[in-house]
Amino acid sequence: MNNEERQESQLSSPALALQMEEEIRATSPWKDTVRQLRKNKFALIGFIIIITFILVGLFAPLLTPYGYEQQVLQDRLKPPSAEHWLGTDDVGRDIFTRIAYGARISLQVGFFAVTGALIFGTLFGLIAGYFGRWVDMIISRIFDIMLAFPSILLAIAIVAILGASLQNALIAIAIINIPIFGRLVRSKVISLREEEFILAARAQGMKNGRIIFHHILPNSLAPIIVQTTLGFGTAILDAAALGFLGLGAQPPLPEWGKMLADSRDFIQLAPWTLIAPGLCIMLVVLGFNLIGDGLRDALDPRMKN
Amino acid sequence: MSEMILNIKELHTHFFTDEGEIPAVDGVSLHVNKGEVVGIVGESGCGKSVTSLSIMQLVPDPPGKIVSGDIYFKKENLVKVKNKRMKEIRGNEIAMIFQEPMTSLNPLFTIGNQLREAIRIHKKISKKLAHQKSIELLKIVGLPRAEEVMAEYPHQLSGGMRQRVMIAMAMSCEPELLIADEPTTALDVTIQAQILELMQKLNEEKNTAILLITHDLGVVAEMCDRVIVMYAGQVVEQGTVRDVLKDPQHPYTKGLIRSLPKLDEKNQALYSISGTVPRPKMGRVGCRFAPRCEFAFKKCFEQNPSLYSFQNERRSRCFLHDQLEGDAFKNGKATIGS
């Protein structure tokens, strides 16, 4: 009785009620994750790398006096110098300028292609894994068919249907990545479905949607995040491959992968033409991987102190 | 007679596997009265857990399926009830706690988060109120520093504490029936006693009926009003705990009780029932226990005995009652029933 009275008075006191509200908010898993992420130095480095590239892409026109398509034929294959920080390519375009503008394209390709694949792949994977039976049959067989093609061939076919452009290349890359996410999520869901806490959640009368998005999805995030960060790298490389075949970024758009592909003839003569875009792709992929690692650790309560 | 809250009639739950149909629950009938504590005892694989999952309509499907039978919860037949209604019943009117407290909480969310959620599934109340109620519940189940525990994650709690949380969660909507599937098996003995005491207290204070599934006759002796002994998917004996433990009728129950270690007998080899539990399969002829039974005779291998009823709601599934009528069972006149 005494206890109840005290609790009631606690509720009526506005200051205490406010404090309690804060407590409720503070225990939200997302808040915890953000707090945890701030402590992780490697994740911070990853963020800095990605943000730097985003800023370079955004402010490209301010950072360089040249245009990315501006050719100066007498300055072909010049090594790095004060005028051309990263040298010039085989038609005399400033590589730093192209890298800066290219950051826009490559980050966009990586982001949209992976996000598209992530959303649809995860959704299909969750549905297939949770409901099983014929739903799983249909979705999994479609994934199998998609995976049976060499992925680049499938992408070429999709671009051929949609027409050659960077945007369509992006859509194609997203589509070929859907089964990769889908199968990953499905297998995770199938193992989670047998867990006792999912059974307990069902025994509490929880609805399917809530179980899927509130209990199964958060518990399958770790592999999804790792796949996402890896996906950024492959998406950028896939875009490069399509660009190389003339199906992705159309010249003179400065897409990193295409820059890499275009300059592979000059590896001995002018290695800087390869090193710059190659290094940038590597750095972006590294950045996303570091963020992904940090995010995975931050999401696992067992890693918290 | 007091009011029945749960009444299972001739329940058959079968699993359809590559090796054929397996009758995990093979014609089980039992009931639980309002406010009563009923124990189901049996070896692993005798169908006790599948019975409890059948009540909740949570038998993994595929491969499991309730083939026939009725499960009446008050007036409703849970086998026929709509999915949506079943979700309202689960957690709200019938709650369940599980064997493994280590894995029955979501590892990613705090205790408070999960308790609040459990309350808000069935009750439309504000987060703040749910938070208050959660703390109250944690105090009722005897968790020290309830406020702090609310912000902690499952891995920070011990097994006993987690089981208390599970009980708090199960009690959050004040269900009329609590199904406890081996709630103390994974806990050590002192914690076991505390958890049983807690469940007993809840039974007395809130008048919650409890269906306790266990393989521990000690737990049954301590907790239950009535006990149901299961073997290979069938009920072999039932009655009040006092009757069954003091004067077991079925040879299997006798064996179970004899195989309990006794503190006053030193260096005695423990009695064990020879043989193993048979794999349930379709179309089995004869008494399920016959191959392991020391009293088995020819008829036992030819037909399955039906349940013989005695006074005081006592039942036993054995042909011995035919022969030894009036001799071995002075207390009861045997009448043949199903």
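Two strands count as paired when DSSP finds at least two bridges between them. Helices (H or I, at least four residues) and strands (E, at least two) are DSSP runs, numbered from the N terminus. The model here is a predicted one, so local features need pLDDT of at least 70 and side-chain atom pairs count only at pLDDT 80 or more, while totals for chains, interfaces and linings use all residues. Residues are numbered from 1 along each chain as its sequence is written, and chains are lettered from A, and ligands numbered from 1, in the order in which they are written.

In chain B, four strands make up an open sheet with antiparallel pairing, in the order 2-1-4-5. Strand 2 (20-33) and strand 5 (76-77) of chain B sit at the edges with a single partner strand each, so one side of each has no neighbour in the sheet. Strand 1 (residues 4-17) of chain B is held to strand 2 by eleven bridges, the two running antiparallel. On strand 2 of chain B, P23(B) is the bridge partner of H14(B).

Now for where the chains meet: 25 residues of chain A are in contact with 31 residues of chain B (contact means C-beta atoms, placed from the backbone, within 7 Å). On the chain A side, helix 1 (2-12), helix 2 (14-26), helix 10 (196-203) and helix 11 (208-219) each supply at least two residues. Helix 10 of chain A gives the most, with six residues.

Elsewhere in chain A, helix 9 (residues 166-193) has a kink of about 30° at N177(A), shortly before the proline P179(A); the bend is the angle between axes fitted to the seven residues ending at a residue and the seven starting there.

Notes: Contact = placed C-beta atoms within 7 Å.
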